[in-house]
Amino acid sequence: MEDEDFVVTLPLFMVVDESKGISPLKCVSEEDENIRGIAIFTEELLAERARDSQSPLAQIWPIPAKSNVDFHIQSMRNGGFRYVAIDPYEESGRSTRFLTLEQFKRANGL
């Protein structure tokens, strides 16, 4: 996937705590606390580390195909979210990238 200079590939991963309904791991931008996104990980290991530190009982949900991305975008939109946060934890070694759902959708070619 790419959005301007941003590139990631499928599969992607989400951390979801089903004990609280379907509650994905969320992230707030350090620069603007009004920007809140669903955490999306580019590597399963990063998702596991975030889960272990934030919500040990949660599950890792893979997003293996473009059709799955579209489903999750709709679910996020229905849940009131407008952003995704790509690799939002320090272990990634990268700064968190927030994308609007539309940018995320376009980056997936949907």
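## Burial and Overall Architecture

A residue is termed buried when its relative accessible area is under 20%, exposed when that area is over 50%, and partly exposed in between. By this cut-off Arg51 is buried, because its relative accessible area is 18%. The model described here is a predicted one. Of the 110 residues in the protein chain, 44% are buried.

The secondary structure of the chain consists of three helices and nine strands. Read from the N terminus, these elements follow the order β-β-β-β-β-β-α-β-α-β-β-α.

## Nonpolar Cores

In soluble globular proteins, nonpolar side chains tend to be buried together. In this model, the largest nonpolar core contains 15 residues. Those with the most contacts inside this core are Met14, Ile40, Ile63, Met76, Val84, Ile86 and Phe104. At least two residues of the core come from each of the following elements: strand E3 (12-17), E6, helix H2 (66-78), strand E8 (83-86) and helix H3 (101-107).

## Salt Bridges

A search of the whole structure finds three salt bridges. One of them joins Arg51 to Asp52, with the closest N and O atoms 3.0 Å apart. Arg51 is buried at a relative accessible area of 18%, whereas Asp52 is partly exposed at 47% relative accessibility.

The side chains of Asp70 and Lys105 meet with an N to O distance of 3.9 Å. Asp70 belongs to helix H2 and Lys105 to helix H3, so this pair ties together parts that are 35 residues apart in sequence. Asp70 is partly exposed, with a relative accessible area of 28%. The side chains of Glu102 and Arg77 form another salt bridge, at 2.7 Å from N to O. Here Glu102 lies in helix H3 and Arg77 in helix H2, and the pair links distant parts of the chain, 25 residues apart. Glu102 counts as partly exposed at 38% relative accessibility, and Arg77 counts as partly exposed at 33%.

## A Negative Surface Patch

A patch of negative charge on the surface is formed by Glu30, Glu31, Asp32, Glu33 and Glu90. Within this group, Glu31 is placed in the loop between strand E5 (26-28) and strand E6 (36-40). Glu31 counts as exposed because its relative accessibility is 80%, and the cut-off for that class is over 50%.

## Backbone Features

Most residues other than glycine have a negative phi, and most peptide bonds are trans. The peptide bond that joins Leu10 and Pro11 is cis, with omega at about 5°. Pro11 lies in the loop between strand E2 (6-7) and E3.

The other place is Asp87, which has a positive phi of about 50° although it is not a glycine. Asp87 is located in the loop between E8 and strand E9 (97-100). At 3% relative accessibility, Asp87 counts as buried.

## Residue Pairs Separated in Sequence

Tyr89 is found in the loop between E8 and E9. With a relative accessibility of 18%, Tyr89 counts as buried. The C-alpha atoms of Tyr89 and Leu46 are separated by 7.8 Å, and these residues are 43 residues apart along the chain. Gly80 is situated in the loop between H2 and E8 and counts as exposed, at 60% relative accessibility.

Gln103 belongs to helix H3. At 21% relative accessibility, Gln103 counts as partly exposed. The C-alpha atoms of Gln103 and Tyr83 lie 8.9 Å apart, and the two residues are 20 residues apart along the chain.

Definitions and conventions: Residues are numbered from 1 along each chain as its sequence is written. This is a predicted model: local features need pLDDT of at least 70, side-chain atom pairs count only at pLDDT 80 or more; totals for chains, interfaces and linings use all residues. Side-chain values use heavy atoms; hydrogens and water are left out. Patches are made of residues with over 30% relative accessible area and no salt bridge: like charges are joined within 9 Å, nonpolar side chains (Val, Leu, Ile, Met, Phe, Trp, Tyr) within 5 Å. Accessible areas come from the Shrake-Rupley method with a 1.4 Å probe; for residues, only the protein chains shown count as cover. A salt bridge is a side-chain nitrogen of Lys or Arg within 4 Å of a carboxyl oxygen of Asp or Glu. Lys and Arg count as positive and Asp and Glu as negative; His and the chain ends are not counted. The place of a charge is taken as NZ of Lys, CZ of Arg, CG of Asp or CD of Glu. Helices (H or I, at least four residues) and strands (E, at least two) are DSSP runs, numbered from the N terminus. Buried means under 20% relative accessible area, exposed over 50%, partly exposed in between (1.4 Å probe, protein chains only). A nonpolar core is a set of buried Ala, Val, Leu, Ile, Met, Phe, Trp, Tyr and Cys residues joined through side-chain atoms within 4.5 Å.
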